[in-house]
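Here is a short briefing to read alongside the sequence and the coordinates. It goes topic by topic.

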Protein chains: 2
Amino acid sequence: MEVSIARAAAQPDTPPLTERQEARRRRILHASAQLASRGGFDAVQMREVAESSQVALGTLYRYFPSKVHLLVATMQSQLEHMHGTLRKKPPSGETAAERVAETLMRAFRALQREPHLADAMVRALTFADRSVSPEVDQVSRQTTAIILDAMGLENPTPDQLSAVRVIEHTWHSALVTWLSGRASIAQVKIDIETVCRLIDLTSPRD
Amino acid sequence: MEVSIARAAAQPDTPPLTERQEARRRRILHASAQLASRGGFDAVQMREVAESSQVALGTLYRYFPSKVHLLVATMQSQLEHMHGTLRKKPPSGETAAERVAETLMRAFRALQREPHLADAMVRALTFADRSVSPEVDQVSRQTTAIILDAMGLENPTPDQLSAVRVIEHTWHSALVTWLSGRASIAQVKIDIETVCRLIDLTSPRD
DNA sequence: ATCAACTCTGAAACTTGTTCTAGATTACCG
DNA sequence: CGGTAATCTAGAACAAGTTTCAGAGTTGAT
C-alpha cells in the first residue's frame, strides 16, 4: 500500500518516520533554507535542493509534493524556532497593543537579517493554493499563538480573535510590500503600530 | 533604437501606441481575463493568451514582460471598471467606517461572481516581485483612491493614510485566505468591519 | 514613393517545476 | 535468514514560462 510520506510530519495518524527519514527531511529543509537565504524564491530550485540534501528528485517530491509545500514547511520550521526565541525575552510594553507591536517588530527584524529567505517563505505562503491549505493553516495558527502569547491572553473573545486575524493580515501584507520594495521599514513599523491599536479597541477593560 | 512597448501604458514619457497596438493590447487583456475567469491563475497560459488574442507569443511578451505583469495589468483594468461602478452608487453608511466597509464588501461581492478571475489577479499581485513594483503600486494607488472616496476625504492626515494602508493590507490578505478556502465569506466580512473601526479611531472629530 | 528603423510572426530552443519508470535498497514480518 | 512490500535512486520525459531568431510587415520621415 502506498502511503505518502509528505504529511507524516503534520498528520498524527500516519506511521512515524524512520530515523533516516527524519534525517532526510531535516537535510531537505536545511538545504531549502540555505538556498533560499542565498537568492530567495527563485534560487530554491528543486533539482538543487535534491542534490544539496543528497536525495533523489523523486524522493524530494515524496516528502514535499511541490516547491510551495517545501517552502511553507521551511517557514513552519523557522517559525517554530522564532517562537522559541521570542518566548525567552517576553516583550516589555505596558499595554497588550504595545507588547504585540514590539513582538512583531522583533520578528520583523529577525526576518530582515535574511531578507532572501523571508522573500522565499512569504511568496510561497501567499502563492499557495488550496492543496497547501492545511500547511498554510498551520503557519497561521502558529502566528496566532505568537500574537496571543504577546497579548498574554488565555481566553480571547471572538472580537479579539478577529482583531488578531486583522493583525495577521496586516503583518503578512506589510511584509509583502516591504519585500517587494514598495514600503520602507519605517512604514511597516507605523502600520503595525496602527493596527495594534485595534487591540485596545476590543478590550476596553483589562 | 529598441523601445519596449510594455510600459507605454503606464509611463507618460513613452511614445503613444498606434491604434492597432491599442487594439492588440485590449485583445490581450480581454483574452487574459477570459481565460482567468475559466480556470484561474493556471488557466492563463501564455501560449493560449497569445492564440486567443491573435498575437504571436513574442509580441505578447513585448506587451507584457511576464505572466505576472499581464495579470497585474488585467487587475488594473478590472479595478478601473469597478471604481467606475462603485462611484455610481455611493455607499449609504453614516460614518466613514461604515461607508468603507460597505464599499469593500460590495467590491468583494463583485469578485465573488468571478472567483477564478479573482484568484488569478490576487495571486499574481502577491506573487509579484520587484520587477513589477510600478504596476503593483498603481493597483495600490487605485485601491487607496477607492477607499478614500468612500471615506469622503480630501486631505487625509498621515494617521488616516496609515489606517487606509492597514485596511488595504487586510483587504488583500483576507481575499487571499478566502480564495484559498481558509476563511468564509462571513469571516472576511467581520474582519473588514473590524479593521474599518480604525478609521473612527484616527479621526475623533468630523 | 522610398528607405531605415521598428514591430510582428512563426517556430524552435531553453529553463525549471513536475511526473514517470525500472531497477536497487531498505524495513519489517514470520 | 528469506520474502515481500515499501522506499529510494538515477535518469528520461513532459509542461508551461520565457528567450531567441530569421524573415515578413508597418511606420514615419524625407
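Glu135(A) sits in helix α7 of chain A, which spans residues 133–151. The model is predicted. Glu135(A) is buried, because its relative accessible area of 15% falls under the 20% cut-off.

**Around Glu135(A)**

- Leaving aside residues up to four places away in sequence, Glu135(A) touches His69(A), Val72(A) and Gln76(A).

**Annotated regions of chain A**

- Over residues 22–82, chain A is 85% helix and 0% strand.
- The end C-alpha atoms of that stretch, residues 22–82 of chain A, are 21 Å apart.
- UniProt also places a "DNA-binding region" at residues 45–64 of chain A, again in an unreviewed entry.
- Over residues 45–64, chain A is 70% helix and 0% strand.
- For residues 45–64 of chain A, the end C-alpha atoms are 13 Å apart.

**The interface of chain B and chain A**

- Contact involves 34 residues of chain B and 34 residues of chain A.
- The two chains bury about 3,200 Å² between them.
- Carbon and sulfur atoms account for 54% of that buried area.
- In chain B, Phe127(B), His169(B) and Arg182(B) lose the most area to chain A.
- Together, Phe127(B), His169(B) and Arg182(B) make up 20% of what the chain B side buries.
- There are 20 residue pairs in polar contact across the interface of chain B and chain A, with both residues at pLDDT 80 or more.
- Four helices of chain B each supply at least two residues to the side that touches chain A: α6 (115–127), α7 (133–151), α8 (158–179) and α9 (185–202).
- α8(B) gives the most to that side, with 12 residues.
- By type, the residues on the side of chain B that touches chain A divide into 13 nonpolar, 12 polar and nine charged.

**Salt bridges between the chains**

- Over all chains, the structure holds 16 salt bridges.
- Six salt bridges are counted between chain B and chain A.
- One of the pairs is Asp159(A) with Arg197(B), whose side chains meet at 3.1 Å, N to O.
- Arg165(A) forms a salt bridge with Asp191(B), and the closest N and O atoms are 2.8 Å apart.
- Arg165(A) lies in helix α8 (residues 158–179) of chain A and Asp191(B) in helix α9 of chain B, so this pair joins two chains.

**Salt bridges within a helix**

- Arg141(A) forms a salt bridge with Asp137(A), with the closest N and O atoms 3.2 Å apart.
- Both Arg141(A) and Asp137(A) lie in helix α7 of chain A, four residues apart, or about one turn of the helix.
- Arg141(A) is partly exposed, with a relative accessible area of 47%.
- Asp137(A) is also partly exposed, at a relative accessible area of 27%.
- A network of salt bridges links Asp137(A) and Arg141(A) with Arg182(B).
- Arg182(B) is also among the residues of chain B that lose the most area to chain A.
- In chain B, the side chains of Arg106(B) and Glu102(B) meet in a salt bridge of 3.3 Å, N to O.
- Arg106(B) and Glu102(B) both lie in helix α5 (residues 96–113) of chain B, four residues apart, about one turn of the helix.
- Arg106(B) is partly exposed, with a relative accessible area of 25%.
- Glu102(B) is partly exposed too, with a relative accessible area of 24%.

**A loop position in chain B**

- Pro65(B) is in the loop between α3 (57–63) and α4 (67–88) of chain B.
- Pro65(B) is partly exposed, with a relative accessible area of 40%.
- Pro65(B) and Phe108(B) are 43 residues apart in sequence.
- In space, Pro65(B) and Phe108(B) are 29 Å apart, C-alpha to C-alpha.

Notes: Residues are numbered from 1 along each chain as its sequence is written. Chains are lettered from A and ligands numbered from 1 in the order in which they are written. Side-chain values use heavy atoms; hydrogens and water are left out. Contact means heavy atoms within 4.5 Å. Buried area is the accessible area (1.4 Å probe) that two parts lose on being put together, summed over both. A salt bridge is a side-chain nitrogen of Lys or Arg within 4 Å of a carboxyl oxygen of Asp or Glu. A polar contact is a pair of N or O atoms within 3.5 Å; within protein, one must be able to donate a hydrogen and the other to accept it, and residues adjacent in sequence count only if both atoms are side-chain atoms. Ala, Val, Leu, Ile, Met, Phe, Trp, Tyr, Cys and Pro count as nonpolar, Asp, Glu, Lys and Arg as charged, and the others, Gly among them, as polar. Buried means under 20% relative accessible area, exposed over 50%, partly exposed in between (1.4 Å probe, protein chains only). UniProt positions are given in the numbering used here, feature names are shortened, and annotations may be inferred rather than shown by experiment.
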